[in-house]
Amino acid sequence: MNFSDYVKKYEQEAISSLQKLLKIDSVLDETTISNGAPFGEGIKNALETFLEMAKQDGFKTFNDEGYAGVIEYGEGEEAIGVLCHLDVVPTGSNWKFPPFSATIDDGKIYARGAMDDKGPTVAAYYALKIIKDLGIKLNKKIQLILGTDEETGWRGINHYKVKYGLPEVGFAPDADFPLIYGEKGILNTIVTSTDIDEDIVYVKGGERFNVVIDYAEAATIKNHQELFNEYLNKNNLSGSVEAKDNMYIYSIKGVSAHAMEPFKGVNAGTHMLNFLSSFSNHQLVKFGALLHEDYYLNNLKVNYEHQEMGVLTCNIGIIDINKESSKLTLDMRYPTGFDKNKFEDALKECKVSYQIVADKDPHYIEPTDPLITTLYDAYVKYTNDFVNKPRTIGGGTYARAIKKGVAFGMEMPGATSVVHQPNEYLIIEEFLKGIAIYAEAIYQLGK
């Protein structure tokens, strides 16, 4: 059976459904939290819209009080999980089109969430819909599980897991093809200080642990305009400075990127701290400057590399320094075998206060496992790509939420990664190919 032949019949419907979902602003919004909307009205709207679409298409659906949703097809006692998420990271700035317009241009759909993770989620859904519409009998239940808080604390999927449990086997369409069988650990830390610099009024930038800061701002009482402009020129940065309200306000524009690859971005926040450190002895300013462009924590002497999973990386994602309190956040991606005690010892040596707020252990499945070979074969069937092989990554997906889970697509090998960046887009041709690959994978796993 060649599922590509059937995908063509669903092309316009699938694109329209995806655009409808992408037009919903599903960024975490704590100001609109209520019963049934634990992460805000936008995420609730996205979940209910998706489940209503599936219900109209004849699927069994379930809504776990807004924490998660389930779309199910198939029979039998055993279940295969396809774990997706509908929440997205904040949009940031410098978009070519409005970030929730779902504009189609030159064969691409532009929107926040196009690749992470609404595009892959809709692709997996239409793969399941094609199988159902063809009347293909599956001997296992396929559960498309829709998470709602993947980009922050995983509270949605954890709520569902505690109450109802998750399948032991499955995949998350939330990374790269051909397949990801290992994910680094993720350690989120808040570093704080009670230090005060009378000259510094505030420093702020970033909204999430897992995004490179693309804009930062600071204010001082004294005039450092000349020094700041020299810093911008020396580092080829875009920024500005103005005198306002008896202060000097400085701004720097950076380039956002995913925290698993911080070196692909330009961190405006650490640049700002690096600039400020030239005249300030504020404890957190100095600490942040120490880690400026030190993606591998060489300066803390905790750098680490694993032969298969690669190097440890770290991102500063949020900076909030003022006269009342000071903090910055660290998002560290660490391979298996890393001694986390060394990291804590290094923070103590820097004489900063810290709190570890989340720690997800590394996740690893043997590359010879039948789950991996089945999914890889499905990928090869529709791409004829025998060159690119399954691998490990620094990202963290819902695959690690289940005992035997892997990340499976939807970004193609060699593609420019636009996840968490301005002008995030999905290539329509690859979206359609993804549907066929997922249909083949679901068919093989389900039978």
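This is a predicted model: local features need pLDDT of at least 70, side-chain atom pairs count only at pLDDT 80 or more; totals for chains, interfaces and linings use all residues.

Colleague: Which residues touch the most other members of the largest nonpolar core?

Modeller: Residues are numbered from 1 along each chain as its sequence is written, and side-chain values use heavy atoms, with hydrogens and water left out. A nonpolar core is a set of buried Ala, Val, Leu, Ile, Met, Phe, Trp, Tyr and Cys residues joined through side-chain atoms within 4.5 Å; buried means under 20% relative accessible area, with a 1.4 Å probe and protein chains only. Here the largest such core has 75 residues, and Phe 50, Phe 408, Phe 431 and Ile 435 touch the most other members. Helix α10 (residues 428-446) gives this core its largest share, 11 residues. Apart from it lies another core, of 41 residues, which includes Leu 276 and Phe 343.

Colleague: With which residues is Phe 431 in contact, leaving aside its neighbours within four places in sequence?

Modeller: Contact means heavy atoms within 4.5 Å. By that criterion the partners of Phe 431 include Ala 14, Ile 15 and Leu 18, as well as Val 122, Met 410 and Leu 426.

Colleague: How should I read a sheet, and in what order do the eight strands stand?

Modeller: Strands of a sheet pair through backbone hydrogen bonds, either parallel or antiparallel. Helices (H or I, at least four residues) and strands (E, at least two) are DSSP runs, numbered from the N terminus, and two strands pair if DSSP finds at least two bridges between them. The eight strands form an open, antiparallel sheet in the order β13-β14-β12-β11-β17-β18-β10-β19. Its edge strands, each pairing on one side only, are β13 (238-244) and β19 (353-360). From one strand to the next, the twist averages 15 degrees; axes are lines fitted to C-alpha atoms, for helices over the stretch in contact, and angles run from 0 to 180 degrees between N-to-C directions.

Colleague: What surrounds β14 in this sheet?

Modeller: On β14, six bridges form the antiparallel pairing with β12 (residues 215-220), and seven bridges join β14 to β13, also antiparallel. Ile 252 of β14 stands opposite Ala 216 and is the bridge partner of Gly 239. Six of the seven residues of β14 are buried. β13 and β14 form a hairpin with two residues between them, and Asp 245 in the turn has a positive phi of about 55 degrees.

Colleague: Which helix lies across β13 and β14?

Modeller: Helix α5 (residues 225-234) does, running at about 170 degrees to β13. Helix α7 (residues 283-290) lies across β10, β11, β17 and β18, at about 25 degrees to β18.

Colleague: Why is strand β6 described as largely enclosed?

Modeller: Six of the seven residues of β6 (residues 141-147) are buried, so the strand is largely enclosed by the rest of the structure. Strand β2 (residues 68-73) runs antiparallel to β6 over six bridges, whereas β3 (residues 79-85) pairs with β6 in the parallel sense over seven bridges. Ile 142 of β6 stands opposite Tyr 73 and is also the bridge partner of Ile 80.

Key:
Buried means under 20% relative accessible area, exposed over 50%, partly exposed in between (1.4 Å probe, protein chains only).
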